[in-house]
Amino acid sequence: MSFPISAALLDAIVLSVVAQEPEGTYGYKITQQITHTLELSESTLYPVLRRLQKDQLLTVYDAPFNGRNRRYYQITSAGRAQLAAYAQEWSRYRSSIDTFFREVE
Amino acid sequence: MTRTAFLAALEQLLAPLPEAERKDALSYYEDYLDTAGPENEARAIAELGSPEEVARKILDEQPPADSSAAPASPARKAHSRWRMVLGGGLAVLAVLVLFCFFFQHTKATPVQPVESISPASEIPASSAETAAESASTQPAVPVSTPDGLTFSLSAEMVSDKLSLKLDYGTILFVVDPNVSDITLQFDGFRTRYLTHSNKKDGTAEFSYHIPKYYAPPDVDGAVLTITAPENILHEVDIDLAMGDVDLGTLSVEELDLELAMGSVSADSLTVKDADFNLAMGGCRIDHLTAPEFDAEIAVGDCTIGMLSGARDVNISVITGDTDLTLEGSASDYTLVTNELKGTSIHNGKTNTSRKISLDSVTGDLSISYAN
């Protein structure tokens, strides 16, 4: 059993993974990092990255790697602000949900 | 599935997307598989899932059809391809025309066979339903019929302009005094590519653009029948790449027709201002009542059984015959004809302001008068 991941939560997760690499990171690596921890289809992430890019929370640049261009994603300052808001919201949400489980543990 | 097959399938499935979006997605997945490396390629493709699944996730993210700022859609490109092919052919004709006029040292009327490729602003909706939901004002909700879709629009909904931008199909106008609404019945179209929106400027627009990957369509099988009460349509704009238009007994203030491959016919057309631009196909109107009428025909005949109320009429035919009957007598008009053999001016009554200008390059010109 698993809990569904909402679009906002997925945005927050992707933003935090990209934020860990100040120089930028790329699609394959982001996908591997997230699917390593979460049960998520690999093809879910491109639309998320594209949306975050359009919302200017991420920027994209191409840099040569092994004789070809690789596309790198980098978080913007707006992205960092959004990520901070998500993190705060998440911690509030988690503690409110946790109140229901206090007795269980 | 190989990398090549995966990417090819994905590209095809993303055909409904604007080109920039499609390219972005494809380059992402190319990059993704490059990074995975040849040794992990098969596993990476298997993990991504079928191309259908990958494409569906991308298509689901797309903004609805009313984002007019979106770049050119592939379907529009398919439409433009017609233009390019025809444009090429017409350029040859245009050169011929200019050459002929040049040789005669006459004033050549610039020939404008088909407008150049226009910047596209439409983006195809994934279905007629989504287009209906996303339009700026409340558009009509289509009703499914066994052969297609029917839209019913009240008079206010088409108050300013009815605009049709179709890749192919036959368009029939039917005047029915017993109805109060305007009905557009689309039969035999792929309704998935049919979109409708009511624009802020009062235009009710229907567009039908198929992705370029589609096999040649059944042009004859697609019929749009527009049933309207008398005198309800103000302005009608038709941009049709393949197919004929039958105007029936239409009465409208402004009419703009642009047909790449197809002809126009009418039993009786009453219009204040009409503009026809026909690349391949003629024009036959039994009775035309029009103060202002402009027709540019590249390949096709122009036959007007009776032209009434003409004040400023220009008919230009490159390859085809012109057969025109004018109301009244020769003395009512200033008639200017431009033919291969030269320009003739027949002045009617002094100071007549009724001007008829006919250009004919390779075809017969026949003018008669009747009351």
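**A walk through chain B**

Guide: Leaving aside residues up to four places away in sequence, His287(B) touches Ser268(B), Gly305(B) and Met306(B). Keep in mind that this is a predicted model. His287(B) sits in strand S13 of chain B, which covers residues 283-289. Now look for Leu269(B): along the chain it is 18 residues from His287(B), yet their C-alpha atoms are separated by 6.3 Å.

Next, find Ala310(B), in the loop between strand S15 (302-308) and strand S16 (312-319) of chain B. Ala310(B) counts as buried, because it has 22 C-beta neighbours inside 10 Å. Again not counting residues up to four places away in sequence, Ala310(B) touches Ala290(B), Pro291(B), Phe293(B), Leu326(B), Arg354(B) and Ile356(B). Take Ala290(B) from that list: it is 20 residues from Ala310(B) in sequence, but 5.6 Å from it in space, C-alpha to C-alpha.

Now for the helices, starting with H4(B). Its buried residues are Pro51(B), Val54(B), Ala55(B) and Ile58(B). Looking down the axis of H4(B), you'd find these buried residues within an arc of 95°, so they line one face of the helix. On the face turned away from that buried side are the exposed residues Glu52(B) and Asp60(B). What do the buried residues of H4(B) pack against? In chain B, they pack against helix H1 (3-13), H2 and H3, and in chain A, against helix H3 (45-54).

That brings us to the other chain. Here 17 residues of chain B are in contact with 14 residues of chain A. On the chain B side, the elements giving two or more residues are helix H2 (19-36), helix H3 (41-48) and helix H4 (51-60). H2(B) gives the most, with nine residues. By class, this side of chain B has seven nonpolar, seven charged and three polar residues.

Let's finish on H2(B). Its 18 residues reach 26 Å from first C-alpha to last, close to the 26 Å expected at 1.5 Å a residue. Among its buried residues are Tyr28(B), Tyr29(B) and Tyr32(B), along with Glu21(B), Arg22(B) and Asp31(B). Just after H2(B) comes Gly37(B), with a positive phi of about 85°.

Notes:
Residues are numbered from 1 along each chain as its sequence is written. Chains are lettered from A and ligands numbered from 1 in the order in which they are written. This is a predicted model: local features need pLDDT of at least 70, side-chain atom pairs count only at pLDDT 80 or more; totals for chains, interfaces and linings use all residues. Two residues are in contact if their C-beta atoms, placed from the backbone, lie within 7 Å. Helices (H or I, at least four residues) and strands (E, at least two) are DSSP runs, numbered from the N terminus. Ala, Val, Leu, Ile, Met, Phe, Trp, Tyr, Cys and Pro count as nonpolar, Asp, Glu, Lys and Arg as charged, and the others, Gly among them, as polar. The expected span of a helix is 1.5 Å times one less than its number of residues. A residue is buried if 20 or more other C-beta atoms lie within 10 Å of its own, exposed if 12 or fewer, and partly exposed in between; C-beta atoms are placed from the backbone. The arc is that of the directions from the helix axis to the C-beta atoms.
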